[in-house]
Amino acid sequence: EPQALLDLPCGYGRVLRWLRAEWPAARLVASDLDRDAVDWCARTFRAEGVYSAERIADVDLRGPFDAVWVGSLLTHLDRDRWVPGLTALATALRPGGCLVFTTHGQEHRERLKRGAYAMDGAARAALLEGWDGDGFGYADYPDHPGYGVSLSSPAWVAATIAGVDTACTFT
């Protein structure tokens, strides 16, 4: 039974509600840049609220955690923010803890080729060229610097995880 779980970014509890239902006695921490969402999750799911920051390493996540869920965050960050973010998250784990995160891979690459996501042709081309080059592509959303869409191949993700400086074991 996990004793402590982190959901980052929590949004309005898309995953947090299921964590609370499955482990009613666990300590839940809800974290996001959206302060209203954090406050709502804290009230609704009896979670501790932690306001996030652009750099995850700048946040006191209030660990250690048995598990950290990171859905739809790395999918929107450029390559330079992955290792510091993963390092901060892995450091917040208890020994033997589990970090789970989502990525945009081959399926999203195909969706992007068909016109998904609100981006112009140049941004779309940069994403696809990055994927075809070293397995990682990124482009900002229009009028939203520092936040966009990333595509990452399994090989690129594995190589990036290998560069994370932590005592954690990634599998």
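Ser31 is part of strand 2, which spans residues 27–32. In this predicted model, Ser31 has a relative accessible area of 0% and is therefore classed as buried.

Leaving out residues up to four places away in sequence, Ser31 touches Leu6, Asp7, Leu8, Pro9 and Cys10, together with Val38, Val50, Tyr51 and Ser52.

## Nonpolar cores

The largest nonpolar core has 28 residues, of which Leu61, Trp82 and Phe101 touch the most other members. Two or more residues of this core come from each of strand 1 (4–7), strand 4 (65–70), helix 3 (82–91), strand 5 (93–101), strand 6 (136–141) and helix 6 (154–162). The greatest contribution, four residues, is made by helix 3.

With neighbours within four places in sequence set aside, the contacts of Phe101 are Val70, Leu74, Trp82, Leu86, Val157 and Ile161. Another core, of twelve residues, lies apart from the largest one; Val15, Leu16, Leu19 and Ala30 are among them.

## Cysteines

The model contains zero disulfides. A disulfide is a covalent bond between the sulfur atoms of two cysteines. For Cys41, the closest cysteine sulfur belongs to Cys10 and is 4.1 Å away, so the separation is too far for a bond; the cut-off applied is 2.5 Å.

The accessibility of Cys41 and that of Cys98 can be stated separately. Cys41 is buried, at 0% relative accessibility, whereas Cys98 is partly exposed, with a relative accessible area of 38%.

How values were computed
Residues numbered from 1 in each chain as written. Predicted model: local features only at pLDDT ≥ 70, side-chain atom pairs only at ≥ 80, totals over all residues. Heavy atoms only, no water. Buried < 20%, exposed > 50% of the residue type's maximum accessible area, 1.4 Å probe, protein only. Contact = heavy atoms within 4.5 Å. Core = buried A, V, L, I, M, F, W, Y, C linked by side-chain atoms within 4.5 Å.
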